[in-house]
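The entries follow the order in which I went through them.

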Amino acid sequence: MINTYSIQVQHVSKQFGDKTVLQDITLDVPKAQIFGLLGPSGSGKTTLVRLIAGIDAPSSGTVHVLNEKMPQLAMLSRIGYMAQSDALYAELTAQENLAFFAALFGLAGTKSKNRIQEVMELVDLSAHLKKQVSNYSGGMKRRLSLAVSLLHEPEVLILDEPTVGIDPVLRKSIWEELTKLSARGTTIIVTTHVMDEADKCHRLGMIRDGNLTAVGTPEELKLATSSSTIEEAFLYYGGAK
C-alpha cells in the first residue's frame, strides 16, 4: 500500500526538564498539502516543526517524514527548513551564503549558479546579491533565509513564521510561489500569526499549551465554531470563547 502522507506525527510528546511543551500530538499531512500551524506564542508550534525537521527528537512518540523516521541526517537534502531566527553568516555576502548552503545540499556548478539566481529573484533580492548580510535589514534577512530553504528544491518545506517583517506586496508573491510549489508536489508546513495566510492553507492545526486542539480546513474550522472568519475560530480554540 502506497503511503500518501509526507509527514506522520504519532503520539508525540516533548519535555524540557520537568516542563511538558508538547502533549500527545498525532498529525498526518498528505503529500503536496500546505498545512498551517496556528497558536499563540509559547504554544509549542516551533518545538513541533523542529521535531518534524529533525532538529530535535521527541521525548516519546514518533515522527516520520517521507516514510523515514526522524531525526535522520540523511534527510537534510530532502527537507527545506526556515527557522524563526535567521541562520545566516553576517560577514559573508548573500551570494557567498547561498553558495555555501548550495554546496551543503550537494548543488554545484551551473545548477548551483542557476538556483541562486532563481531563489534571489523569487524573494526580490537579486540587486543585493553581492551585499554583505550584515548590511541587510531584518526583512531582507528573512527573505534570504527563505531563499536558502528553497535552494535545493526540497520535497518537504518547513517554514516557521516566514513572512514576519516582510511587506504585504512581497508577502503576496511569496504565497503565490508556495501555492505553485504545492501544486507541483511539495509538502509545506508553515507556522503563522497572519490570519489571511492561515486562510491560504489547505488545512490548519490549532495548538494551545502544547495540545493540538483542532485540525481541519479553514472552512471546516469556521463552521465548527460558528465563526465568519478564521480569526474568530482561532480565538475560540485559543480559549477566548
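Entry on the cores. I looked up the largest nonpolar core and found that it has 46 residues, those with the most contacts inside it being Leu98, Met120, Leu144, Leu151, Leu159, Leu178 and Met206. Helix α4 (residues 138-150) gives this core its largest share, six residues. I also noted a second, separate core of 24 residues, which includes Val63, Leu66, Met70 and Met75. For the record, a nonpolar core is a set of buried Ala, Val, Leu, Ile, Met, Phe, Trp, Tyr and Cys residues joined through side-chain atoms within 4.5 Å; buried means under 20% relative accessible area, exposed over 50%, and partly exposed in between, with a 1.4 Å probe and protein chains only.

Entry on the source. The model is predicted, so that local features need pLDDT of at least 70 and side-chain atom pairs count only at pLDDT 80 or more, while totals for chains, interfaces and linings use all residues. Residues are numbered from 1 along each chain as its sequence is written, and side-chain values use heavy atoms, with hydrogens and water left out.

Entry on Leu151. Leaving aside residues up to four places away in sequence, I found Leu151 touching Leu98, Phe101, Ala102, Leu107, Arg115, Ile116 and Val119, where contact means heavy atoms within 4.5 Å.

Entry on helix α2. In α2 (residues 94-104), I listed Ala94, Asn97, Leu98, Phe101 and Ala102 as buried. Seen down the helix axis, the buried residues of α2 fall within an arc of 130°, so they line one face; the arc is that of the directions from the helix axis to the C-beta atoms. Their cover includes α3 (109-122) and α4. Helices here are DSSP runs (H or I, at least four residues), numbered from the N terminus. Just after α2, Gly106 takes a positive phi of about 85°.

Entry on helix α1. Seven of the nine residues of α1 (residues 45-53) are buried, among them Lys45, Thr47 and Leu48. Just after α1, Gly54 takes a positive phi of about 85°.

Entry on aromatic rings. My search of the whole structure found four aromatic pairs, a pair being rings of Phe, Tyr and Trp (its six-membered ring) with centres within 6.5 Å, stacked if the planes are under 30 degrees apart, edge-to-face if over 60, and tilted for the rest. The rings of Tyr236 and Tyr237 have centres 5.4 Å apart and planes at 85°, so this pair is edge-to-face. Tyr236 counts as partly exposed at 33% relative accessibility, whereas Tyr237, at 18%, counts as buried. Tyr89, Phe100 and Phe101 form one aromatic cluster.

Conventions. Helix = DSSP H or I, 4+ residues; strand = E, 2+ residues; numbered from the N terminus.
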